[in-house]
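Let us walk through this model step by step. Keep the coordinates open as you read.

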Amino acid sequence: MADPRETPGRPARPPRVWLHADLDCFFAAAEVLDEPALAGLPLAVGGPATGRGVVASCSYAARARGVRSAMPMAEAVRRCPGLVVRPPRPERYRALSGAVFAVFARFSPDVRPLSLDEASLDLTGTERLHGPPREAGRALRAAVRAEVGLVVSVGVATTRHVAKLACDLGKPDGLLEAPADPVELRAWLAPLPIERLPGVGPATAPRLRALGLATLGDLAALDPDEVARRLGAGGLAWRALARGEPASREDAGGRGGGGRRSISHETTFARDLRDEAAIRRVVSNLADEVTARARREGLRGRTVQVKVRFDDFTTRTRARGLPEATAATDAVFAVAWDLVRAAVAQGGRPVRLLGVALQAPAAEVDGPRQRLLFDEDAVAPASPARAEGAGPRQDGPAASPRPAVDPAIDRIRARLGADAIRRARDL
């Protein structure tokens with residue numbers, strides 16, 4: 001089928017060129033950069049092992065001894081005697097991230113951050129400046145190492161998802177280019193385990209394997225109607241990714257506002273929470289933090305996601321679509337609290353950790369908005385990036401009827417500090 005963007009008589013557009021860059025063990029690498037004596041040692045960055053601290057990042061020497069990100073620090077120390085633990089230094093990490101992203105900006109006018117240490121770069125049409133994609137990847141890696149002192153792994157492909165996959169497969173300290181030819185790319189992807197798809201984790205993978213889908217090739221070979229029947233619309237998106245096809249218009253050539261973004265914040269408690277009022281206050285604070293960050297970055301989200309971890313380490317995640325994209329604290333809190341309250345009631349155990357995330361399909365600059373003609377269809381399609389275990393999507397409350405409140409709070413805090421003003425429900 002012809003590309004509707006092509007004009008008869010003109011040559012077809014060349015395939016997109018995406019480069020995915022990911023700093024290796026970023027927080028741990030930053031500690032080694034500032035304290036070279038730590039090089040080669042098992043190192044973890046995170047909270048203390050004597051409390052409820054968790055591992056935020058760890059070196060490859062620590063990973064070789066069973067330490068993983070998000071693991072309780074006490075368990076990490078048990079698995080790896082002699083583990084060096086350093087507390088996080090957010091300001092230092094942000095400064096290093098800014099230096100790295102300044103390098104990225106020299107290679108592409110379209111840099112799409114996923115986090116402080118990871119981004120996708122659209123290199124389409126930059127060959128005359130930076131050479132073939134593989135040469136550009138080498139040059140970018142060398143520039144980051146020389147100018148910032150950090151190691152970045154790179155993946156190159158014709159879609160963003162495959163570029164990220166290639167980057168992950170090439171770690172550590174690697175550069176991997178996926179085949180550009182569609183037939184060769186499908187063969188390259190086919191033997192990879194189904195867990196390589198975004199959104200397929202410990203809860204989803206067994207269900208897919210039970211359907212006979214153990215590899216990307218198994219899913220890619222299925223008829224689209226069969227995939228839709230068995231897995232829904234999200235399964236069709238997974239199938240596209242498994243075949244190396246663009247999963248969105250942005251991948252295919254659109255210039256969206258920055259790709260899907262998720263802003264999240266979570267906290268682990270020194271003592272498990274049982275009281276509903278205390279849990280509600282924490283959810284309010286988390287929603288406040290997440291939406292304030294979203295407003296600073298000019299984002300509005302269409303999905304609220306929560307995470308609840310109980311004292312036995314059982315974790316539940318729930319997500320719900322919003323009727324319109326928003327960064328209003330009251331609107332996000334209302335949905336988050338509804339989801340957390342239901343999860344806590346279902347779990348029936350004390351709560352160890354709570355998290356709230358606001359997922360934005362694209363970056364938006366605050367300003368006049370026009371609602372979509374078919375709002376429900378725009379808000380709630382099934383997606384492979386949905387949280388595992390999320391129930392059916394439902395409409396959340398409308399955006400806050402007090403749009404001036406949040407910017408006023410932001411201005412007060414910017415001038416007088418984060419604790420200068422609080423919402424009554426947090427008291």
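Contact here means heavy atoms within 4.5 Å. The model is a predicted one.

Start at Leu150. Setting aside neighbours within four places in sequence, Leu150 is in contact with Leu23, Phe26, Ala29, Ala30, Leu33, Leu96, Val100, Val144 and Arg145. Leu150 also belongs to the largest nonpolar core, which has 32 residues. Within that core, Leu19, Phe104, Leu121, Leu140, Val144 and Leu150 touch the most other members.

Which elements build this core? Those that give two or more residues are strands S1 (18-23), S2 (43-46), S6 (118-122) and S7 (152-157), together with helices H1, H4 and H6 (133-147). H4 gives the most, with seven residues. There is also a second, separate core of 30 residues. Val282, Leu286, Ala287 and Val356 are among its members.

Now look at how two of the helices meet. Two packed helices are described by the angle between their axes and by the distance between those axes. For H1 (residues 26-34) and H4 (residues 90-107), the angle is about 95° and the axes are 10 Å apart. An angle of 65 to 115 degrees counts as roughly perpendicular, so H1 is roughly perpendicular to H4. On the H1 side, the contact is made by Phe26, Phe27, Ala30, Glu31, Leu33 and Asp34. H4 supplies Arg92, Tyr93, Leu96 and Ser97. Sorted by class, this contact of H1 with H4 has six nonpolar, one polar and three charged residues.

Next, the cysteines. How many disulfides does the model hold? The count is zero. Take Cys25: the nearest cysteine sulfur is that of Cys58, 6.3 Å away. Cys25 has 9% relative accessibility, so it counts as buried. Cys167 is at 0%, so it counts as buried too.

Cys167 leads on to helix H7 (residues 160-170). H7 is mostly covered, with eight of its 11 residues buried. The buried ones are Arg160, His161, Val162, Ala163, Leu165, Ala166, Cys167 and Gly170.

Finish at Ser284, in helix H13 (residues 276-296). Is Ser284 buried or exposed? Buried means under 20% relative accessible area. Ser284 has 1% relative accessibility, so it counts as buried. Beyond its neighbours within four places in sequence, Ser284 is in contact with Phe333, Arg425 and Asp426.

Terms used
Residues numbered from 1 in each chain as written. Predicted model: local features only at pLDDT ≥ 70, side-chain atom pairs only at ≥ 80, totals over all residues. Heavy atoms only, no water. Axes fitted to C-alpha atoms, helices over the stretch in contact; angles between N-to-C directions. Helix = DSSP H or I, 4+ residues; strand = E, 2+ residues; numbered from the N terminus. Parallel < 35°, antiparallel > 145°, perpendicular 65-115°, else oblique. Nonpolar A, V, L, I, M, F, W, Y, C, P; charged D, E, K, R; others polar. Core = buried A, V, L, I, M, F, W, Y, C linked by side-chain atoms within 4.5 Å. Buried < 20%, exposed > 50% of the residue type's maximum accessible area, 1.4 Å probe, protein only. Disulfide = S-S within 2.5 Å.
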